[in-house]
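Thanks for coming, everyone. Let me put the structure up, and then we will go from the whole chain down to one strand.

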Amino acid sequence: MTVAARVLAALLAGLAQALSIALPGSGQPLWWLQLASLAVLVRLLWAAPGWRTAVLLGWVFATAWLAGTFWWLFISMHTYGGLAAPLAALAVLALAAFLGSYYAAVSACFRALALTHKAQAALVFAAFWLLAELARGQWWTGFPWGAGGYAHVDGPLARLAPFIGVYGIGAVAAALAALLARLRPADLRRPALWLGAAVLGALWQAAGVAQQGMLARLQVHAPVTLALLQGNIPQDEKFQPGSGVPLALSWYGEALKAATADLVVAPETAIPLLPQDLEPGYLQDVTARYRTGAQALLLGMPLGNARAGYTNSALGFAAGQAAPYEYDKHHLVPFGEFIPPLFRWFTELLHIPLGDFNRGAVGQPSFAWAGERLAPNICYEDLFGEELAVRFADPARAPTLMVNLSNIGWFGDSVALPQHLAISRMRALEFARPMVRATNTGATAVIDHTGRVGARLAPFTRVVLRTQVAGVEGAVTPYAWWAARWGLLPLWLMAAAGVLMACLPRVRRNNG
């Protein structure tokens, strides 16, 4: 096979990996396609003439995968930011290429080891792939959108989420893909293959039994009625004082005053003005019923001032409070909520209401109401499960219900919406807690503690979702337990150990 043919195969496999996260049109994750596309890459790496070719193949695969996953960043930069289309496309490609360099590096290292034992090679590839996924998820503030594990939210590996999280699932998938890549018809006649398959099947069954046992120990609360507000304010008008702002204030204001549900949630920046910039008495008027009655409200709006700085926040209102509950977003969006060093020139090319926001703390207290502990997260914060896990350090104070307030209208009617829904579903699986999603344009939905989507709204409709949700408390999942204490360090150490175990024999041979 020529180099050009190898590169083309890596490109197509990378695009298939992107499709596996959420298929355009249906939004359905395809776990089998994720395995198959990654197996193609492994096959290409094994057959590569050297590590230099492996660098190219890994980089092409990852760049195609990542650009195909978050191509919708083009919409925010071009359609809403006014950046020229060629520059916006180049910016998306540059980001994908930069993040793809992690996978290029591990592809080269894997090829350089030239491992011949299939099981060992599969474990080493999984360790290298895990290192690349962790680096993408944590370095440079982290952008792990489209991690391979999200393709498995409906697949057989989903039962591993409460134990090893999405990165662990991605590593297991990488090992399976590597095994598939080296499978030959003759292997089907070898007892070792069937013994290995039996062991994997037993482990899979054991994980299922453990998951069911854990779920059986949970205490599911009586359902509360729920109203999720989806204002569908056009993104190009959302912060315009002559159109989107009065529309938002009017629609959300009336919806808040009319809601009769026990718990009402309005999305990120539903109120697009600072409290001091609102008409006198507006906020008091729309929240009055929640300050004295049995209802509770979580409301997204910005807070702060020029002297103290600004925050992207959620306010909670319930009877008996001396002051409203406040949650301040911790994980800010680069270029949208803070400007990275040396990149102010780039943000000046965009016509987006940018700002340098203050960060909230990790592990902020939950909003306590009616026996529930509501844990808000804003926008793509639900992408960082290791940060949400901090709230589970004390089981007695662990959230009973997670609430995501989002506005991803910046990305239009794109695959970003179902991708984000899959991310929230994975968090529900990892923590065995429901996730409620209130968004400006979609996907507004309720996800139960087993990761299943219940009621949801059609995207790009201005309507209120009236449904129910049941909080959950009791057992803390193994993933929540260890991630609350050590973050992703155990996965880093496991991946590093796997790589070292493969490298040490070669070092000894070279030194011998």
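Start with the whole chain. Of its 512 residues, 56% count as buried. Keep in mind that this is a predicted model. The secondary structure comes to 15 helices and 14 strands. The C-alpha trace spans about 80 × 55 × 40 Å along its principal axes. How does the radius of gyration fit? A compact globule with 512 residues would have a value near 24 Å, and the chain has 24 Å, so the two agree. Now contacts. Take those with a separation of 6 or more: residues 24 or more positions apart account for 73% of them.

Next, zoom in on strand β10, residues 435–439. Five of its five residues are buried, so β10 is largely enclosed by the rest of the structure. Which way do the side chains go? Met435, Arg437 and Thr439 point one way from β10, while Val436 and Ala438 point the other way.

Now the partners of β10. Strand β9, residues 401–406, runs parallel to β10, and five bridges join them. Ser406 stands opposite Thr439 here.

Arg437 stands opposite Ala445 in β11. The hairpin of β10 and β11 has five residues between the strands. Look at Gly442 in that hairpin: its phi is positive, near 130°.

That's my tour. Questions, please.

Key. Residues numbered from 1 in each chain as written. Predicted model: local features only at pLDDT ≥ 70, side-chain atom pairs only at ≥ 80, totals over all residues. Heavy atoms only, no water. Buried < 20%, exposed > 50% of the residue type's maximum accessible area, 1.4 Å probe, protein only. Helix = DSSP H or I, 4+ residues; strand = E, 2+ residues; numbered from the N terminus. Pairing = 2+ DSSP bridges. Rg over C-alpha atoms; globule rule 2.2 N^0.38 Å. Contact = heavy atoms within 4.5 Å.
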